[in-house]
Amino acid sequence: MLSPTLLEELREHWRRFQRKPSTWLFPGNRWHTGNTPIDTKVVWNACQQAAQRAGLQKNVHPTP
């Protein structure tokens with residue numbers, strides 16, 4: 001179940017694609033057009049950057 005806010009963000013993410021991916025919502029490679037999903041390191045880095053922008057002092061990480 002997704003929150004209404006997250007659902008809207010995912011819809012906006014989808015609308016921003018010039019070429020809609022056929023397999024993955026978050027496709028890999030530099031321009032997000034690959035045939036494989038993004039790497040777990042990409043998710044980890046995004047989580048770290050978001051925590052830094054939010055000014056969080058404790059360590060954060062995505063959970064599987």
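Biologist: Which residues does W24 touch, leaving out those up to four places away in sequence?

Modeller: In this predicted model, W24 touches N35, T36 and P37. Contact here means heavy atoms within 4.5 Å.

Biologist: What makes the pair W24 and N35 a polar contact?

Modeller: The backbone oxygen of N35 lies 3.1 Å from a polar atom of the W24 side chain. The cut-off is 3.5 Å between N or O atoms, so 3.1 Å falls within the distance limit.

Biologist: Where does W24 lie?

Modeller: W24 is in the loop between α1 (4–16) and α2 (40–54). W24 and G34 are ten residues apart in sequence, and their C-alpha atoms are 8.8 Å apart.

Biologist: Why is W24 called partly exposed?

Modeller: Its relative accessible area is 35%. Buried means under 20% and exposed means over 50%. W24 sits in between, so it is partly exposed.

Biologist: How do you know that R15 forms a salt bridge with E12?

Modeller: The closest N and O atoms of R15 and E12 are 2.6 Å apart. The limit is 4 Å, so the pair qualifies. Both residues lie in helix α1, three residues apart, about one turn of the helix.

Biologist: What makes R15 and E8 a salt bridge?

Modeller: Their closest N and O atoms are 3.4 Å apart. That is within 4 Å, so this pair qualifies too. The count comes to two salt bridges. Shared partners join E8, E12 and R15 into one network.

Biologist: Why is R15 called partly exposed?

Modeller: R15 has 48% relative accessibility. Exposed needs over 50%, and buried needs under 20%, so R15 is partly exposed. E8 at 35% is partly exposed, and E12 at 32% is partly exposed.

Note on methods: Residues are numbered from 1 along each chain as its sequence is written. This is a predicted model: local features need pLDDT of at least 70, side-chain atom pairs count only at pLDDT 80 or more; totals for chains, interfaces and linings use all residues. Side-chain values use heavy atoms; hydrogens and water are left out. Helices (H or I, at least four residues) and strands (E, at least two) are DSSP runs, numbered from the N terminus. Buried means under 20% relative accessible area, exposed over 50%, partly exposed in between (1.4 Å probe, protein chains only). A polar contact is a pair of N or O atoms within 3.5 Å; within protein, one must be able to donate a hydrogen and the other to accept it, and residues adjacent in sequence count only if both atoms are side-chain atoms. A salt bridge is a side-chain nitrogen of Lys or Arg within 4 Å of a carboxyl oxygen of Asp or Glu.
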